[in-house]
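Please look through the sequence and the model below. The briefing that follows covers ring pairs, helix faces and salt bridges.

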Amino acid sequence: VREVRKEVTSADPLSRTAFATTMRVVEEVADRYGRWQDSECMALKTDLMRYERGDTGRVLLRDFYGAALNGSFQYTESK
């Protein structure tokens, strides 16, 4: 967030406490996080598609949990 704030306020350092500047910083952080999250989501989707049965879009539970046993830490349940 600090890095984004520095980038946004570099054009006009005196506006760093203005509400509009804060809004631009928040929007930029959300945009960057969304792009990062999308790439992570697509990687998970690609990995899950390896376990898909046919073109159903479904993964059998045994395959899902089997993936966790074989090192795919994303496919575990939290307590």
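The structure, a predicted model, holds 1 aromatic pair (rings of Phe, Tyr and Trp, the last by its six-membered ring, with centres within 6.5 Å; planes under 30 degrees apart are stacked, over 60 edge-to-face, the rest tilted). The ring centres of Phe64 and Tyr65 are 5.3 Å apart and the planes stand at 85°, so this pair is edge-to-face. Local features need pLDDT of at least 70 and side-chain atom pairs count only at pLDDT 80 or more, while totals for chains, interfaces and linings use all residues. Residues are numbered from 1 along each chain as its sequence is written, and side-chain values use heavy atoms, without hydrogens and water.

**Exposure of the ring pair**
- Phe64 is partly exposed, at 24% relative accessibility (buried is under 20% relative accessible area, exposed over 50%, partly exposed in between, with a 1.4 Å probe and protein chains only).
- Tyr65 is also partly exposed, with a value of 33%.

**Helix 3**
- Asp63, Gly66 and Ala67 are the buried residues of helix 3, residues 61-69 (helices are DSSP runs of H or I, at least four residues, numbered from the N terminus).
- Seen down the axis, the buried residues of helix 3 fall within an arc of 105°, so they line one face (the arc is that of the directions from the helix axis to the C-beta atoms).
- Leu61 and Leu69 are exposed on the other side of helix 3.
- Asp63 has a relative accessibility of 18%, and beyond its neighbours within four places in sequence it contacts Tyr51 and Arg53 (contact means heavy atoms within 4.5 Å).
- Gly71, which follows helix 3, has a positive phi near 105°.

**Helix 1**
- In helix 1, residues 2-9, the buried residues are Val4, Val8 and Thr9.
- These residues lie within an arc of 120° seen down the axis, so they line one face of helix 1.
- The buried residues of helix 1 pack against helix 2 (19-49).
- Arg2, Glu3 and Lys6 are exposed on the other side of helix 1.

**Salt bridges**
- The whole structure has 5 salt bridges (a side-chain nitrogen of Lys or Arg within 4 Å of a carboxyl oxygen of Asp or Glu).
- Glu7 and Arg32 form one of them, at 2.4 Å from N to O.
- Glu7 is in helix 1 and Arg32 in helix 2, so this bridge ties together parts 25 residues apart in sequence.
- Asp47 and Arg50 meet at 2.9 Å, N to O; Asp47 is buried at 18%, whereas Arg50 is exposed at 57%.
- Asp63 bridges to Arg62, with the closest N and O atoms 3.8 Å apart.

How values were computed:
Helix = DSSP H or I, 4+ residues; strand = E, 2+ residues; numbered from the N terminus.
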